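Subject: Structure for you to look at

Hello,

Here is the structure I said I would pass on.

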Amino acid sequence: MSAPDHPKKLFIKTYGCQMNVYDSDRMADAMAEEGYVAAAGPEDADLVLLNTCHIREKASEKVFSELGRLEALRTQREAAGGPDMLIGVAGCVAQAEGEEIVRRMPGVDLVVGPQSYHHLPEMVAKASGRDRTARGAAARAAEDGRVATDFALAEKFALLPRPTREAVRARGLTAFLTVQEGCDKFCSFCVVPYTRGAEVSRPVEDVLDEARELVAAGVMELTLLGQNVNAWHGLDADGRPVGLGGLLRRLAEIPGLVRLRYTTSHPRDMDDELIAAHRDLEKLMPYLHLPVQSGSDSILKAMNRRHTRADYLRLIERIRAARPDIAMSGDFIVGFPGETEADFEATLSIVREVGYASAFCFKYSPRPGTPGAGLPDQVPEAVKAERLARLLALVGEQTQAFARASVGRTMDVLLEKKGRLSGQLGGRSPYLQAVHVAAPESLIGTIQRMEIVAAGNNSLEGKIVTDSEPKSASLVESSAV
Ligand code: SAM
Ligand code: SF4
């Protein structure tokens with residue numbers, strides 16, 4: 001154990017989506033109250049947590065190889081007379097596999113599902129007091145409180161401590177804020193309804209309070225998170241139902257908050273109120289991640305997406321009518337069971353029709369317990385790989401075209417941090433593009449109007465337009481990309 005006059009150190013390795021990034025910060029906040037500080041890596045940590053992702057097979061298998069490495073590190077440390085290390089598994093693999101993790105890796109000291117993070121401090125305290133020789137006793141895991149995977153989401157948010165101002169500042173000018181968790185959609189490929197549970201929205205005042213605290217600590221840009229964020233719903237001050245569009249309007253009133261984003265959305269929950277928010281709110285950035293998954297109606301039906309290709313295209317038209325310069329992003333799955341070459345061609349054609357600024361493309365990964373895994377006509381791996389390569393090539397062309405179309409335009413860039421090279425700063429355009437610029441450090445935390453002078457593979461190069469005043473709130477671009 002580390003000497004009592006030294007603070008204990010925590011290292012969290014985060015896999016998967018932004019919600020896990022948010023959750024990792026909340027776990028760090030909870031353990032900070034117990035005196036834990038951040039470790040640079042697992043080597044100097046007293047507690048290592050893997051915050052895991054179960055969405056595809058590769059993601060969850062990585063966890064077990066990482067656990068093997070951590071156990072070897074701990075054994076080495078023990079042999080050298082070093083301090084002990086607790087190893088914990090959090091996130092969706094913890095939720096889905098629960099006790100199975102301890103059976104497979106008996107050295108794991110705690111397993112905590114996403115809805116149980118408020119129990120983390122007591123679980124760590126218990127694990128610290130546990131007899132080390134009990135580590136191999138997987139069968140005892142159920143009785144000794146090593147596994148917590150209940151679904152008490154409301155409790156989680158009420159009981160987890162908020163970060164200190166210092167912790168928020170250290171995390172930068174942009175922050176995630178989870179407003180919704182879980183999902184009731186049950187797409188036939190997806191584990192989320194099983195790992196994150198039923199759809200739950202956080203109350204308006206809760207979200208506003210957390211947002212105000214983040215802004216008071218210096219956050220300028222907030223990204224609202226949810227597995228299905230646009231299914232968020234609540235009640236306004238008069239008890240009337242309000243959707244995500246209404247929540248964004250309330251958040252936009254917070255002075256000092258200059259940019260709003262949200263992710264990830266389902267096409268079925270993109271209602272008029274939310275589309276109107278894109279039309280009316282200057283602070284709501286013109287970038288929308290709206291996954292369609294496939295361009296083929298028969299595959300969309302088999303996926304249980306409950307919308308057609310035409311529904312999606314009509315929706316995009318309405319969104320673009322409200323906000324003509326909006327940059328679209330999406331997710332695509334290739335090789336869902338039964339996908340024919342013609343179905344796949346329909347996916348390529350919807351990509352061409354919409355024109356994406358960015359997109360995430362995946363080979364279908366059968367997930368145990370989901371309806372898709374049991375369907376006949378699973379697509380061979382080689383076919384999936386070949387389709388993925390073709391889709392990636394098309395999406396790559398579109399991403400590059402979007403970047404090139406930015407050259408010569410002027411846009412507002414939030415300068416967030418030092419750039420890779422000295423004398424350079426890095427920031428984001430309204431369309432979530434990384435932008436670098438030669439500028440003094442004193443401009444970090446300001447929004448600068450810039451001309452985009454070059455487009456590289458991963459970022460744009462900007463030049464500050466010198467006759468404009470630094471801006472704090474007005475961010476809207478008028479010309480379309
Ligand atoms: N709620 C969002 C929606 O409705 O599109 C998606 C959230 S999901 C956590 C993120 C993405 O992972 C999905 O959009 C999908 O493309 C991908 N994904 C989910 N399950 C998958 C699977 N079994 N195989 C491959 N990709 C998968
Ligand atoms: Fe998964 Fe999204 Fe479908 Fe929910 S809506 S089941 S999170 S893909």
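This is a predicted model: local features need pLDDT of at least 70, side-chain atom pairs count only at pLDDT 80 or more; totals for chains, interfaces and linings use all residues.

Ligand 1

Ligand 1 is surrounded by 17 residues, and the closest are Phe-189, Gln-227, Gln-293, Asp-331 and Ser-365. Sorted by class, this shell holds 7 nonpolar, 5 polar and 5 charged residues. Two strands, E15 (327-334) and E16 (358-363), each contribute at least two residues to the shell.

Asp-331 has a polar side-chain atom 2.6 Å from an oxygen atom of ligand 1. Phe-189 takes part through its backbone: an N or O atom there lies 2.9 Å from a nitrogen atom of the ligand. For Arg-56, a polar side-chain atom is 3.3 Å from a nitrogen atom of ligand 1. How much of ligand 1 does the protein bury? On its own the ligand exposes 560 Å², and the protein buries 90% of that area.

Ligand 2

Around ligand 2 you will find Cys-183, Lys-185, Phe-186, Cys-187, Phe-189, Cys-190, Val-192, Pro-193, Asn-228, His-266 and Arg-305. This shell consists of 7 nonpolar, 2 polar and 2 charged residues.

Helices H13 and H14

Helix H13 covers residues 309-322 and helix H14 covers residues 341-354; their axes are 11 Å apart, at an angle of about 10 degrees. Angles under 35 degrees count as roughly parallel, so H13 is roughly parallel to H14. On the H13 side the contact is made by Arg-309, Tyr-312, Leu-313, Ile-316 and Arg-320, and on the H14 side by Ala-346, Ser-349, Ile-350, Glu-353 and Val-354. By class, that gives 6 nonpolar, 1 polar and 3 charged residues.

Helices H10 and H11

The second pair is H10 (residues 244-252) and H11 (residues 272-280), whose axes cross at roughly 35 degrees and come within 7 Å. Which residues of H10 and H11 meet? From H10 they are Leu-244, Gly-245, Gly-246, Leu-248 and Arg-249, and from H11 they are Glu-273, Leu-274, Ala-276, Ala-277 and Asp-280. This contact between H10 and H11 has 5 nonpolar, 2 polar and 3 charged residues.

Regards

Notes:
Residues are numbered from 1 along each chain as its sequence is written. Chains are lettered from A and ligands numbered from 1 in the order in which they are written. Side-chain values use heavy atoms; hydrogens and water are left out. Axes are lines fitted to C-alpha atoms, for helices over the stretch in contact, and angles run from 0 to 180 degrees between N-to-C directions. Helices (H or I, at least four residues) and strands (E, at least two) are DSSP runs, numbered from the N terminus. Angles under 35 degrees count as roughly parallel, over 145 as roughly antiparallel, 65 to 115 as roughly perpendicular and the rest as oblique. Contact means heavy atoms within 4.5 Å. Ala, Val, Leu, Ile, Met, Phe, Trp, Tyr, Cys and Pro count as nonpolar, Asp, Glu, Lys and Arg as charged, and the others, Gly among them, as polar. A residue is near a molecule or strand if one of its heavy atoms lies within 4 Å of it. A polar contact is a pair of N or O atoms within 3.5 Å; within protein, one must be able to donate a hydrogen and the other to accept it, and residues adjacent in sequence count only if both atoms are side-chain atoms. Accessible areas come from the Shrake-Rupley method with a 1.4 Å probe; for residues, only the protein chains shown count as cover.
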